[in-house]
Amino acid sequence: MFLRRFQLSRDIGIDLGTANTLIYVSGRGIVLQEPSVVAMDLERNAPLAVGDEAKLMLGRTPGNIRAVRPLRDGVIADFDAAEQMIKSFIQKGNEGRGIVAPRLVVGIPSGVTGVERRAVREAGLAGAREVHLIDEPVAAAIGAGLPVTDPIGTMIVDIGGGTTEVAVLSLGGTVLSESVRVAGDELSDSISVYLKKVHNLVVGERTAEEIKIRIGSAFPDNGFDEETMDVRGLHLLSGLPRTITVRAGDLREAMAEPLNVIVEAVKRTLERTPPELAADIVDRGIMLAGGGALVRGISELISHETGILTHIAEDPLLCVVNGCGQVLEDYKRLQRVLDTPDFARATT
């Protein structure tokens, strides 16, 4: 027990998400799940807060403090802030232990460019001895319990905060994949736009996300469509705070456009799938992972549009980080899924 507690290093798996970052430490499981937000002290050029504490500061900071989300659309938008965030999360997740810097396995969108991959590696090396990258759909499929190393076609749709990843996997590799930069953030943005256009009400990012979680839906449901929620925001015409009541059915129509982009990405991938693998997918169904899988009715929408039974993973938010963790725990068997070659990717 003493030796385990103070071993030289622990390997770490990271789901570096646009909305949330999750960390898996080998031998311990998931140790951290916090928002991907950093509050920077501009005078000292140092992080003031990271994660949950920093998220509370979004939209509420004075001039000398900047609260930012360093990842946008699944890639690093603010390198310095991302580097500080990763370093802080590694220290927090590893509880400062370990004489040798850990090995990192980081889940990233399959559609990122070589430059964006290098940025993730460099940011990760701030707190690790080596950094391996794994495409998020592959990690999500492993975490969801799909037989990715078997000669069976499986389809995973990972709807995150910044990107939606659609992939067909077989024999431990990606046969086809498509990455669209439309996901949970765009669903929240569509709610903000709807409230501004129809009700002349301006709401913040956090409020739009809360509305999406509480009464957002993707597929008609006569009972749920009548659900309502009181929303507070700034009224454009009067310039004063105001409360309005929003109906779930109206919100679904507002979210239809980004949802349609996700469905079209699934259809395009199915159209390009080889016949044998397509037959496997029809038999086994489509698996949904990521936070977007929690939007009410999204599995019914994809089933309705494709004609293929669609399942939601048991813990959709944890699939990618669990997949990274399983690669660490069974490194010899699964290391070939790391760093998928570029020819397997198609980006929209």
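Me: Which side chain makes a polar contact with the side chain of Arg-69?
Reply: A polar contact is a pair of N or O atoms within 3.5 Å; within protein, one must be able to donate a hydrogen and the other to accept it, and residues adjacent in sequence count only if both atoms are side-chain atoms. This is a predicted model, where local features need pLDDT of at least 70, side-chain atom pairs count only at pLDDT 80 or more, and totals for chains, interfaces and linings use all residues. Residues are numbered from 1 along each chain as its sequence is written, and side-chain values use heavy atoms, with hydrogens and water left out. At 3.3 Å, the partner of Arg-69 is Asp-185.

Me: Is Arg-69 buried or exposed?
Reply: Buried means under 20% relative accessible area, exposed over 50%, and partly exposed in between (1.4 Å probe, protein chains only). Arg-69 has a relative accessible area of 14%, so Arg-69 is buried.

Me: Which residues have the most contacts inside the largest nonpolar core?
Reply: A nonpolar core is a set of buried Ala, Val, Leu, Ile, Met, Phe, Trp, Tyr and Cys residues joined through side-chain atoms within 4.5 Å. The largest one has 43 residues, and those with the most contacts inside it are Leu-195, Val-231 and Ile-286.

Me: How many residues of helix 5 are buried?
Reply: Helices (H or I, at least four residues) are DSSP runs, numbered from the N terminus. Among the buried residues of helix 5 are Glu-136 and Ile-142. Of the eight residues in helix 5 (residues 136-143), the number buried is seven.

Definitions and conventions:
Helices (H or I, at least four residues) and strands (E, at least two) are DSSP runs, numbered from the N terminus.
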